[in-house]
Amino acid sequence: MDTSTPPPKPLAYAAQPVDRGLQRWIPGLRVVRQYPMAWLPKDLVAGLVLTAMLVPVGIAYAQASGVPGIHGLYATIVPLLAYALFGPSRILVLGPDSALVPIILAVVLPLAAGDPGRAVTLAAAMALVSGLICIGAGLLRLGFITELLSKPIRYGYMNGIALAVLVSQAPKLFGISGQSAGPLRDSLQLVNALLDGKANWHAFALGAGTLVIILLLKRWERLPGILIAVVAATGICGLMGLEAAHAVKVVGSLPQGLPGFALPLIGFNDLATVAIGGAAVALVSFADTSVLSRTYAAKTRAQVDPNQEMVGLGLANLASGFFQGIPISSSSSRTPVAEAAGARSQLAGVFGALGVAALLLFAPDLLRHLPQSALAAVVIAAAIGLFEFKDLARIYRIQRWEFWLSITCFVGVAVFGAVPGIGLAVVIAVIEFLWDGWRPHYAVLGRVDGIRGYHDVSRYPDARRVPGLVLFRWDAPLFFANAELFQRCVLEAVARSDGEVRRVVVAAEPVTSVDVTSADMLVELEQTLREAGVELHFAEVKDPVRDKLLRLEVLSHIGSDIFQPTVGAAVDTYLQDHAVDWTP
């Protein structure tokens with residue numbers, strides 16, 4: 001009987017050879033080449049289910065972004081087709097997204113001045129900017145940049161965006177007209193409008209009912225809760241004639257036909273604002289897309305190249321911008337629907353896009369009785385899903401200062417708006433990164449009886465130090481922000497040592513990089529120590545760091561015979577060079 005372990009099953013797509021030529025840049029060609037026909041019925045059914053969800057969501061997010069709802073459908077059709085060709089993820093669904101709503105609105109609202117055509121042009125221009133940034137970053141292999149935002153900071157700006165979306169849609173839930181002016185002022189305006197009796201309670205009943213149904217059905221992923229709620233609200237509004245009898249605002253008939261190519265031309269005065277907004281969209285959309293893409297790649301046992309993900313997302317945004325759409329991202333609500341419906345590949349998204357196109361061509365009046373308050377409920381339900389509280393409570397318990405960083409980002413988005421708030425999040429992320437390296441941990445090392453190696457004497461006060469030798473460990477890269485501190489700490493360690501110091505050995509294993517400023521500091525430090533009769537040596541220097549020291553001309557000043565492979569070897573060399581009688 002053969003008891004040997006069977007070979008592991010190959011990963012889907014991951015086990016295939018690396019694609020070259022067109023298939024590297026157009027992953028959709030690889031899918032077509034390897035597509036099993038048994039997947040076709042599943043993708044077709046999933047596409048039909050997606051169509052039913054893409055339509056109300058696309059209209060809702062477009063209107064929440066300050067543009068006519070039809071352009072949310074345009075931003076659904078063309079980007080899905082583009083991503084099917086250029087996107088590396090098998091079942092990711094792209095389209096208008098609630099996380100982008102406040103960013104688009106922050107740019108469109110003040111610049112469009114109530115002109116729908118101008119609003120569409122501005123939103124399309126933002127999509128182009130976002131697309132170009134994503135493509136450029138992908139080609140430059142910068143797919144790691146979203147990892148620069150720590151989890152608490154991401155929670156902060158997403159909680160702020162969720163609040164901004166929720167508050168901006170609350171008036172529409174009550175059937176109250178108005179323009180968004182930021183979360184705080186929107187809240188005050190809503191309270192004043194309610195006190196003045198401006199609420200349309202029939203619209204509110206439809207919207208609140210829609211919201212309740214969506215939230216109640218959310219626990220069953222296979223049930224299209226949004227579709228059920230929207231169909232119910234549309235049927236009630238149409239059958240009871242609420243539009244005419246009680247002034248309930250509805251979507252109305254959609255323009256018939258497909259989007260045409262249009263170049264979104266904006267004025268020079270609007271360029272800076274649109275560019276900043278587009279960059280914010282690129283950052284948020286790729287952060288969300290990369291997380292969602294990795295999640296579903298793990299589920300489907302496939303590999304996803306983050307740089308190609310950037311290119312695919314960028315080309316989808318370009319397609320949206322050139323065909324009268326708005327900026328788009330991946331969808332954490334529609335992708336699970338596609339998966340639950342049995343989607344096996346991006347062909348499900350293609351079928352979904354074709355279904356939306358068929359609606360515009362053959363049944364544009366199908367949703368004419370859809371209440372605006374119901375669409376607001378769809379967006380509010382999505383915004384509620386963006387909030388993160390549970391993990392923030394854990395962060396508060398284990399790392400309080402990072403919790404307050406998250407709250408700072410949240411307040412920045414809530415007070416100043418989405419675009420400045422995201423800018424604040426990026427600045428805080430850079431400061432957080434620099435702070436960790438600016439004042440890193442360092443230690444003087446000694447030998448502890450019964451424990452191998454050399455350890456921090458502040459943690460082990462009984463540690464034995466080598467006479468005349470300072471073992472100094474620096475737990476960070478060396479760069480301009482901490483170079484002066486490094487020099488000062490080494491000199492202080494020498495000054496505090498008992499007896500005459502003959503040599504300093506820097507345990508440099510944690511040092512992963514040096515720059516020009518720190519390189520010049522090392523030359524200056526070596527000269528200062530040499531004048532005091534102290535030698536400077538290094539142990540456990542990584543080869544790339546040593547190469548940098550050579551390139552930065554440090555070794556030409558301080559010599560190249562001062563490196564030892566380990567701290568133990570550095571101690572042995574010192575004992576031999578200075579004839580010191582000491583037992584490790």
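Accessible areas here come from the Shrake-Rupley method with a 1.4 Å probe. On that basis, the chain of this predicted model has an accessible surface of about 27200 Å². Carbon and sulfur atoms account for 62% of that surface. A search of the whole structure turns up 2 cavities of 30 Å³ or more.

**Chain overview**
- The chain holds 24 helices and 8 strands.
- It has 584 residues, and 51% of them count as buried.
- Take the contacts between residues at least 6 apart in sequence: 80% of these join residues at least 24 apart.

**Largest cavity**
- The volume of the largest cavity is about 80 Å³.
- Its lining includes the leucines Leu478, Leu522 and Leu549.
- Valines also line the largest cavity, namely Val506, Val511, Val514, Val541 and Val545.

**Second largest cavity**
- Leu50 lines the second largest cavity, as do Arg90, Ile91, Leu92 and Val93.
- Ala338, Ala343, Ser345, Gln346, Ala348 and Gly349 also line the second largest cavity.
- The lining of the second largest cavity divides into 7 nonpolar, 3 polar and 1 charged residues.
- Arg counts as charged, and Gly is among those counted as polar.

How values were computed
Residues are numbered from 1 along each chain as its sequence is written. This is a predicted model: local features need pLDDT of at least 70, side-chain atom pairs count only at pLDDT 80 or more; totals for chains, interfaces and linings use all residues. Side-chain values use heavy atoms; hydrogens and water are left out. On a 1 Å grid over the protein atoms alone, a cavity is a set of points where a 1.4 Å probe fits but cannot get out, and a pocket is an open set with protein on both sides within 12 Å along at least five of seven lines; lining residues have an atom within 4 Å of a point. Grid points are joined across faces, edges and corners, and a volume is the space filled by probe spheres set on the points. Helices (H or I, at least four residues) and strands (E, at least two) are DSSP runs, numbered from the N terminus. Buried means under 20% relative accessible area, exposed over 50%, partly exposed in between (1.4 Å probe, protein chains only). Contact means heavy atoms within 4.5 Å.
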